[in-house]
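Try each task before reading its solution.

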Amino acid sequence: METQRPAQRRDTQDRRHEGIVSDVEGFNKRAGRAVKDQELHDSIQTFTGKAVAARNAVLHALPEAPELRQRAYHIKRKTMANLDRYLEQMADRVEARGGNVFFAEDGEAVVRYIGDLARRKEAKVITKAKSMATEEIELNRRLEEDYADLDLEIVETDLGEWIAQLAGDHPSHIVGPILHMNKRRITEVLSGVAGEQLPPDVEALGSFARRRLREKFLAADIGITGANFGVAETGTVVTVTNEGNARLVTSVPPVHVVVMGIEKLIPSFEDLSVFTRLLARSGTGQKLTVYTNFITGPRGEGELDGAEEFHLVLLDNGRSNILGTDFEEALYCIRCGACLNVCPVYRQTGGHAYGSTYSGPIGAVITPLLKGTSEAKDLPFASSLCGACWEACPVGIPLHDLLLKLRNRQVDEGVRSKGETLAFKGFENTMRSPALFKISGKMGRVAQRPLLKDGSVRPLPGPLGAWTNSRDLPPLAKKSFRELWKEGI
Amino acid sequence: MKVALFVPCYVDVINPEVGVSVVRILRKLGVEVAYPEGQTCCGQPAFNSGFFDQARTVARHFMDVFEGGDYDYVVCPSGSCTTMVSHYYPFLFKDLPDERERSEELGGRVREFSDLLVNVLGVTDLGARYEGRAVFHTGCHQRRELGVLNEPRELLENVEGLEMLGWKNEELCCGFGGTFSVKMPHVSTAMADEKIRALEGSGADTLISGDSSCLMHLKGRLRRTGHDTRVYHLAQILDPENGKAG
């Protein structure tokens with residue numbers, strides 16, 4: 001049965017075509033729209049508020065959390081320093097268990113690999129469990145377009161991802177893909193698919209989704225999942241879910257394909273125990289997610305479940321360029337979403353404003369790293385550098401420092417505007433010279449005289465207008481501190 | 001004890017009364033206060049915008065100015081500018097061993113105002129009076145890089161007539177963020193509005209912070225939206241001689 005799609009709304013359609021890259025002013029424009037959207041604001045506040053409260057409570061009850069965080073950081077550092085070795089080990093173990101391993105340089109290679117596999121298998125239905133890596137490479141759209149003759153039906157089976165897919169929309173959060181939609185909108189989307197008005201009731205909507213998705217699970221020829229972790233010592237892929245959909249995606253169809261970013265590797269099961277204690281606590285405030293699946297190759301002799309054929313696709317897509325650089329810590333991310341939930345910018349704008357698969361602080365860091373300095377130029381500035389992300393990160397990634405370094409990289413690579421560059425040269429010259437600094441202050445006091453009204457500066461044109469449009473600007477004081485000091489305090 | 005006063009550039013020209021209160025309080029406690037007149041700015045605007053070379057020039061000037069004079073400490077009425085020197089100078093000079101060492105030495109002596117009062121001078125009661133119900137906003141650098149969280153509260157709890165209140169999500173950034181406030185004005189303003197809603201919910205009539213930059217942002221939005229909430233830097237509240245006109 002074919003999935004019916006309601007007509008796409010104009011705004012979601014736009015988003016679909018923006019892809020992973022946004023233009024210079026993109027964030028600002030989208031954020032400007034987002035902060036005026038009260039429904040969006042309420043949805044984000046509800047989700048992030050609950051997630052942060054649950055996370056704080058559950059981490060508070062785990063006294064060893066700070067130590068685990070340090071261990072997680074060091075495990076990731078060790079892994080990245082020896083990633084080639086661990087990748088080889090992972091591949092060897094998977095192959096020894098009868099699985100296939102494919103190293104994909106980019107999204108294109110993944111699309112070719114899976115598309116050709118689907119052709120060989122004469123696949124019609126592909127079920128998918130939630131995977132940010134496949135979102136990153138827009139796997140669904142590209143398979144549908146590049147392999148149109150196969151007429152594939154690709155079905156997302158994570159409830160949120162499925163609803164996003166039905167709505168022609170993109171996830172706006174790593175963990176809560178449709179947190180931007182409220183119950184009214186979800187009812188609208190699912191009613192469109194049902195062909196009848198469903199009641200706006202969680203149970204009714206849930207059981208409708210369950211019925212529909214069961215049909216797809218049973219009909220699937222290929223199942224695709226991402227991976228939360230890859231354990232190199234055994235070749236085990238670990239997925240965590242709350243809905244159990246990954247279990248059905250990996251055990252019902254005869255073929256299972258895992259698309260895993262190469263940074264998801266960890267050396268051993270002992271290391272894994274550090275991350276499993278941190279991931280769900282940080283992401284959703286659970287001690288563990290409902291399901292934690294361990295999959296090591298295809299179904300073995302005497303085993304009761306598992307796919308007959310197993311493929312591990314290891315995705316680079318720009319990640320290896322980050323290895324060994326000042327930005328390597330960005331690869332330590334375990335995609336828990338905690339940095340999004342605590343980010344005061346994300347909490348105002350939601351994920352779509354970032355114009356990228358990955359939103360929030362981690363998205364602002366890795367999008368330009370994966371795509372290059374001149375792409376997504378706005379994202380390193382989508383932060384007040386408050387550091388809440390770093391504080392919340394279960395791996396201790398100094399996200400705000402990485403954003404600073406990205407801003408600096410833009411300067412070094414000459415992609416910043418001439419005006420701004422000149423302004424900071426001027427700043428440098430003024431601030432290295434006490435005399436010039438003093439004179440600037442005095443000149444400012446003279447210059448502001450015609451601009452004062454009721455003790456504040458009148459609305460200004462130009463860059464300062466960005467301030468005065470929404471906030472009063474205090475005038476320069478009649479006497480500076482240094483003048484008062486000279487006169488005697 | 002000899003302390004050098006580091007007055008952030010915007011405090012120097014916009015809120016000089018904050019610096020004056022710091023001087024009065026420290027002198028009353030018997031501290032010898034010097035004001036090295038060569039000082040300008042810590043360089044943070046350039047640094048936060050990614051212009052690291054320009055920030056390094058300003059940082060070198062700052063180190064030259066504050067290294068002389070045999071000061072036991074450098075005190076600054078801003079958690080953010082303190083952090084720039086104590087945390088981000090070593091970051092900027094990471095690959096330049098001589099200057100890195102200089103920055104670490106100086107960084108170890110730079111103290112945020114409330115940190116110096118409570119942890120160095122051992123003072124929590126300054127005999128100040130203020131009639132009002134207030135919330136305190138901890139700047140993000142002060143909260144996360146410096147970890148100076150309780151000190152302002154201890155000082156404020158001893159102010160006669162002042163009732164300190166809690167407010168919702170007080171750990172959230174106010175939205176100033178330096179050039180962020182003009183580069184991303186919509187989000188910056190929305191962040192201020194969230195703080196203002198929390199302030200309204202608390203029932204406070206006064207907003208206090210250890211960072212005049214956060215206050216400039218929040219006060220600017222408060223006034224634009226018709227709020228007459230009183231807004232003060234911590235030093236002004238603690239200074240019995242401050243007329244508290246602002």
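**Exercise 1.** Which residues in H16(A) meet which residues in H18(A)?

*Solution.* A word on the ground rules comes first. This is a predicted model, where local features need pLDDT of at least 70, side-chain atom pairs count only at pLDDT 80 or more, and totals for chains, interfaces and linings use all residues. Residues are numbered from 1 along each chain as its sequence is written, while chains are lettered from A and ligands numbered from 1 in the order in which they are written.

Step 1: helices (H or I, at least four residues) and strands (E, at least two) are DSSP runs, numbered from the N terminus. Step 2: a contact requires C-beta atoms, placed from the backbone, within 7 Å. From H16(A) come A:Pro361, A:Ile362, A:Ala364, A:Val365 and A:Pro368, and they meet A:Leu399, A:Leu402, A:Leu403 and A:Leu406 of H18(A). Step 3: sort them by class, with Ala, Val, Leu, Ile, Met, Phe, Trp, Tyr, Cys and Pro as nonpolar, Asp, Glu, Lys and Arg as charged, and the others, Gly among them, as polar. The contact of H16(A) with H18(A) has 9 nonpolar, no polar and no charged residues.

**Exercise 2.** Find how chain A touches chain B.

*Solution.* Step 1: count the partners, which are 49 residues of chain A and 52 residues of chain B. Step 2: look for the elements on the side of chain A; those giving two or more residues include H18 (399-412) and H19 (418-431). Step 3: by class, that side of chain A has 27 nonpolar, 13 polar and 9 charged residues.

**Exercise 3.** Check the length of helix H4 (residues 52-67) of chain B, then find what covers its buried residues.

*Solution.* Step 1: the expected span is 1.5 Å times one less than the number of residues. Step 2: list the buried residues (20 or more other C-beta atoms within 10 Å of their own, C-beta atoms being placed from the backbone; exposed is 12 or fewer, partly exposed in between). They are B:Phe52, B:Gln54, B:Ala55, B:Val58, B:Ala59, B:His61 and B:Phe62. Step 3: their cover includes H18 and H19 of chain A, along with H3 (44-48) and H5 (79-92) of chain B.

**Exercise 4.** How many helices and strands does chain B have?

*Solution.* Chain B has 13 helices and 8 strands. Of its 246 residues, 59% count as buried.

Terms used
Contact = placed C-beta atoms within 7 Å.
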